[in-house]
Amino acid sequence: MNVSMQESGCHAWPMEGQILCTRSGDGNLEIVLCPDGTDASSIGDDKSEPVVKPKSISKHGQHWKGADYLIFDTYAWWTRFPNLKFLHGSKEYREKHLNSVYKKALRTWAKWVDKNIDPKRTTIFFSSMSPFHDRSSDWNDPKAINCAEETTPIPNKSKHLNVGLNQQLFKIAEKVTQSMKMPVHFLNITTLSEYRKDAHPSFYAISEANANVSLPERKKDPKTYADCIHWCLPGLPDTWNEFLYAKIISSY
């Protein structure tokens, strides 16, 4: 997501994404929802085989220049694939474990940011991973299946949790952002979110896959229909936004 303040007027950048403009005092707040900095397009007739194009950041990144705030995050999409193909050069495709491709993509992003973004003009945030709650064994409840019917957070706060998260990707993101020349505020929303097994839409999420399935039928099959990846709104993401807001206003 790219957030920029303009002194007057609200313009539409020629890109894929959504733009929301709202008046704020004497200026305008322009919020641009951007695609990933590195393309993750599909190849093959069934469009099921993704290929990552790290160097495509040079195309998307042009829309980031001049913003007051740039807010990045990337995680959930990667967890669907144990291995990924990526474009090496202009025509050669290689395949590696997702951790390696994730690291390559983030390093490409970091190099571009260090070279093209002015730290005197732009403040950068990187939000950490949003955990899943699709395995009740993660919170020692063998009777449950996933987040379905959960109404309270995980009560045990005395030890570190490891809930629905690829820790290696977390460490890669943390290390890459720390190694950059450009100051990056790493917003760790992961730890507090791990406790919130109760904050997902569960059976009540509507998607193309279950649009024609009634709520009683969805409740009979939580393993298939309970959404334990996305979050209810209003809800936990509002707390993440409070962290971001506190970081921004603390600089003034």
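**Reading aromatic pairs and burial**

Q: Is tryptophan 64 buried or exposed?

A: At 2% relative accessibility, tryptophan 64 counts as buried, since buried means under 20% relative accessible area, exposed over 50%, and partly exposed in between (1.4 Å probe, protein chains only). Keep in mind that this is a predicted model, where local features need pLDDT of at least 70, side-chain atom pairs count only at pLDDT 80 or more, and totals for chains, interfaces and linings use all residues. Residues are numbered from 1 along each chain as its sequence is written, and side-chain values use heavy atoms, with hydrogens and water left out.

Q: How do I read an aromatic pair, and why is the pair of tryptophan 64 and tryptophan 112 edge-to-face?

A: Rings of Phe, Tyr and Trp (its six-membered ring) pair if their centres lie within 6.5 Å; planes under 30 degrees apart count as stacked, over 60 as edge-to-face and the rest as tilted. By this rule there are 12 aromatic pairs here. For tryptophan 64 and tryptophan 112, the centres are 5.5 Å apart and the planes sit at 85°, so the pair is edge-to-face. Tryptophan 112 is buried too, at 9% relative accessible area.

Q: What about phenylalanine 170 and phenylalanine 186?

A: They make an edge-to-face pair, 5.8 Å centre to centre with 90° between the planes. Phenylalanine 170 is buried, with a relative accessible area of 11%, while phenylalanine 186 is partly exposed at 22%.

Q: Which residues form one aromatic cluster?

A: That cluster is made of Trp64, Phe72, Trp109, Trp112, Phe126, Phe170 and Phe186.
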